Amino acid sequence: MTIVKHSATLHGHRTSITLEEPFWQELKSIAQSRGMPLARLIAEVDDGRGPEGNLSSALRVYVLAWVKSHTNANDAP
């Protein structure tokens with residue numbers, strides 16, 4: 001699986017994020033479905049993560065939680 005380095009501006013500072021392409025595509029899809037710019041979604045995840053983790057890992061966990069919550073919601077009767 002290809003890992004790609006992306007750049008984003010968070011709170012006026014450039015940062016790089018290394019993510020597998022499926023995670024990056026899903027992040028873009030989530031941002032679109034929430035009606036927000038991708039950079040704002042990334043900043044939201046960054047603001048909510050603890051000091052012990054890195055941003056790339058936090059984004060992967062966010063995508064996983066989003067997919068799981070929406071899969072479970074779609075499975076409900």
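Me: At what angle do the axes of α1 and α2 cross, and within what distance do they come?

Reply: In this predicted model, the axes of α1 and α2 cross at roughly 105 degrees and come within 9 Å. The axes are lines fitted to C-alpha atoms, for helices over the stretch in contact, and the angles run from 0 to 180 degrees between N-to-C directions.

Me: Why is α1 called roughly perpendicular to α2?

Reply: Angles of 65 to 115 degrees count as roughly perpendicular, whereas those under 35 are roughly parallel, those over 145 roughly antiparallel and the rest oblique. The crossing angle is roughly 105 degrees, so α1 is roughly perpendicular to α2.

Me: Which residues make the contact?

Reply: On the α1 side they are Trp24, Leu27, Lys28, Ile30 and Ala31, and on the α2 side Leu38, Leu41 and Ile42. Contact means heavy atoms within 4.5 Å.

Me: What are the ground rules for the model?

Reply: It is a predicted model in which local features need pLDDT of at least 70 and side-chain atom pairs count only at pLDDT 80 or more, while totals for chains, interfaces and linings use all residues. Residues are numbered from 1 along each chain as its sequence is written, and side-chain values use heavy atoms, with hydrogens and water left out.

Me: How many helices and strands are there in the protein chain?

Reply: The protein chain has three helices and two strands, in the order β-β-α-α-α from the N terminus on. Helices (H or I, at least four residues) and strands (E, at least two) are DSSP runs, numbered from the N terminus. The C-alpha trace spans about 45 × 30 × 25 Å along its principal axes.

Me: What makes His6 count as buried?

Reply: Buried means under 20% relative accessible area, exposed over 50%, and partly exposed in between (1.4 Å probe, protein chains only). His6 has 13% relative accessibility, and therefore counts as buried. His6 lies in strand β1 and touches Thr15, Ser16, Ile17, Glu21 and Trp24, not counting residues up to four places away in sequence.

Me: Is His11 buried or exposed, and what makes it so?

Reply: His11 has a relative accessible area of 55%, and is therefore exposed. His11 sits in the loop between β1 (3-10) and β2 (13-20). The phi of His11 is near 55 degrees, which is a positive value in a residue other than glycine.

Me: Why is Arg34 called partly exposed?

Reply: The relative accessible area of Arg34 is 34%, so Arg34 is partly exposed. Arg34 is found in the loop between α1 and α2. Not counting residues up to four places away in sequence, Arg34 touches Leu41, Glu44, Tyr62 and Trp66.

Me: What makes Met36 buried?

Reply: Met36 is buried because its relative accessible area is 8%. Met36 is also found in the loop between α1 and α2. Its contacts, leaving out residues up to four places away in sequence, are Ala31, Leu41 and Glu44.

Me: How do you know that Ser56 is buried?

Reply: Ser56 has a relative accessible area of 13%, so Ser56 is buried. Ser56 belongs to helix α3. Leaving aside neighbours within four places in sequence, Ser56 is in contact with Ile17, Thr18 and Leu19.

Me: How many residues does the largest nonpolar core have?

Reply: The largest nonpolar core has 19 residues, and those with the most contacts inside it are Ile17, Leu27, Leu41, Ile42, Leu59 and Tyr62. β1, β2, α1 (21-33), α2 (38-48) and α3 (55-75) each supply at least two residues of this core. The largest share, six residues, comes from α3.

Me: What makes a set of residues a nonpolar core?

Reply: Such a core is a set of buried Ala, Val, Leu, Ile, Met, Phe, Trp, Tyr and Cys residues joined through side-chain atoms within 4.5 Å. Tyr62, one of those with the most contacts inside the core, is in contact with Leu27, Ile30, Arg34, Leu41, Glu44 and Val45, leaving aside neighbours within four places in sequence.
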